[in-house]
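Please open the model in your viewer and display it as a cartoon.

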Amino acid sequence: MESGKHRMSLKLMKGERTCLSHMFGLVRDGAAWDKAQHYKASTDAWYMHSSGGLFGNGKERDDEVGYINEGQIVSMEADLDKGTLRFWVDGKPHGPGYSSGVTGRLRWAVMMYWKGTAAQIVPTPELQRWTQ
């Protein structure tokens, strides 16, 4: 993806742990798959963690807005013409997302930490309008 508006929705499921620990969002096409891209200094990823904080591209646990629970549906919308990435949980806006700088040739990504953890791609529900 390099331009236009794109959506993806996921249902997050925990494995052997008692809590979720997922990162989801966008990464640059060609970013190293075996390196952590979620640190503040990384310029190759724009993630939200299941705890509700933003990671990558100048953020590390920033703008926390609350935990996402197992079975909830996380929706993401990238508007690559505007350079934004927004998040919803169960159709309701979830945090500020990234309001600028989301550019380049990008791919959807999910990073999981614990054995048995999963993310299922699901249809995007109706999303409430994003207000600023």
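**A covered strand and its partners**

Begin by selecting residues 22-28, which make up strand E2; this strand is mostly covered, with 6 of its 7 residues buried. Please keep in mind throughout that the model is predicted.

E2 and E9 pair in the antiparallel sense through 7 bridges.

Now select residues 45-49, strand E3. E3 also pairs with E2 in the antiparallel sense, here over 5 bridges. Val27 has Ala45 in E3 as its bridge partner.

**The nonpolar cores**

Which residues of the largest nonpolar core touch the most other members? Show the side chains of Phe24, Met76, Leu85, Phe87 and Val102: of the 20 residues in this core, these touch the most other members. At least two residues of the core come from each of the strands E1 (5-13), E2, E3, E6 (73-79) and E7 (84-89). Another core, of 7 residues, lies apart from it; select Ala45, Phe55, Ala109 and Met111, which are among its members.

**The open sheet**

Finally, select the strands E8, E7, E6, E1 and E10. In that order, these 5 strands form an open sheet with antiparallel pairing. Its edge strands are E8 (92-93) and E10 (118-121), each of which pairs on one side only. Within the sheet, look at E1 and E6: the two run antiparallel and are joined by 7 bridges. Display His6 to end the tour; Ala78 in E6 stands opposite this residue.

Technical notes: Residues are numbered from 1 along each chain as its sequence is written. This is a predicted model: local features need pLDDT of at least 70, side-chain atom pairs count only at pLDDT 80 or more; totals for chains, interfaces and linings use all residues. Side-chain values use heavy atoms; hydrogens and water are left out. Buried means under 20% relative accessible area, exposed over 50%, partly exposed in between (1.4 Å probe, protein chains only). Helices (H or I, at least four residues) and strands (E, at least two) are DSSP runs, numbered from the N terminus. Two strands pair if DSSP finds at least two bridges between them. A nonpolar core is a set of buried Ala, Val, Leu, Ile, Met, Phe, Trp, Tyr and Cys residues joined through side-chain atoms within 4.5 Å.
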